[in-house]
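I opened this entry to keep a record of what I looked up, starting with the pocket and then turning to the chain as a whole.

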Amino acid sequence: MQSILANAPKPHEVEFARKSVAETSIDNAWERPCPYNSSRLLTEGSGDFDVDKAPLRCRRWQDCKTAGADASRFTEGFFKHHKTGEEIPQQWKKDGEDLAKNDAEFGGGSGHSYNYALKFAEENWRLFEGRSASEADKLVKKQFWQWCAVEPLSIWKSKLDD
């Protein structure tokens, strides 16, 4: 029961969701569950929140969490490549190209966010310089989240319309 409660949106997170600002108002939001599908938000009155957008917001939220973890892994990989000459796995590029070609099949936003994770990593590999892996991981996820969480919901809409 404690595990379920720990992974449920907290009351203040639901209030941010009610105001449609959860993505930018919750500390370390990429570590938290999507508050837009909280039963409290959907049953206690949503205020000005458009309940019909909850699935889109949660899909974006989840894709941003997943792609943020990818961005961290990729950034560390690019850092190692620049520091030691270690090869970048070609599978990353192939996966990104496949997602881009079949973006609608992968839910619109998944391919979009994955490809940005690769681009972000290539451009920001220095975030791992002079930092512990955990410190750099958190910084990458934070910066990636700041970009991803405000991307237009229309990118995720195409898959939900199918």
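How many nonpolar, polar and charged residues does the lining of the largest pocket have? I note before answering that this is a predicted model. Sorting the lining of the largest pocket by class, I found six nonpolar residues, four polar ones and four charged ones.

**Entry on the pocket.** I looked up the volume of the largest pocket, and the value came out at about 200 Å³. Its lining consists of 14 residues, and when I asked which of them are closest to the centre of the pocket, I got T24, I26, W30, W145 and Q146. I then traced the lining back to the helices, and found that α3 (22-25) and α8 (133-148) each supply at least two of its residues. The largest share comes from α8, which contributes four residues to the lining.

**Entry on the fold.** I went through the elements of the chain and found nine helices and zero strands, so I wrote the order from the N terminus as α-α-α-α-α-α-α-α-α. For contacts I kept those with a separation of 6 or more, and of these 66% are between residues 24 or more positions apart.

**Entry on burial and surface.** I checked how much of the chain is buried, and noted that buried residues make up 40% of its 162 residues.

Methods: Residues are numbered from 1 along each chain as its sequence is written. This is a predicted model: local features need pLDDT of at least 70, side-chain atom pairs count only at pLDDT 80 or more; totals for chains, interfaces and linings use all residues. Side-chain values use heavy atoms; hydrogens and water are left out. Buried means under 20% relative accessible area, exposed over 50%, partly exposed in between (1.4 Å probe, protein chains only). Contact means heavy atoms within 4.5 Å. On a 1 Å grid over the protein atoms alone, a cavity is a set of points where a 1.4 Å probe fits but cannot get out, and a pocket is an open set with protein on both sides within 12 Å along at least five of seven lines; lining residues have an atom within 4 Å of a point. Grid points are joined across faces, edges and corners, and a volume is the space filled by probe spheres set on the points. Ala, Val, Leu, Ile, Met, Phe, Trp, Tyr, Cys and Pro count as nonpolar, Asp, Glu, Lys and Arg as charged, and the others, Gly among them, as polar.
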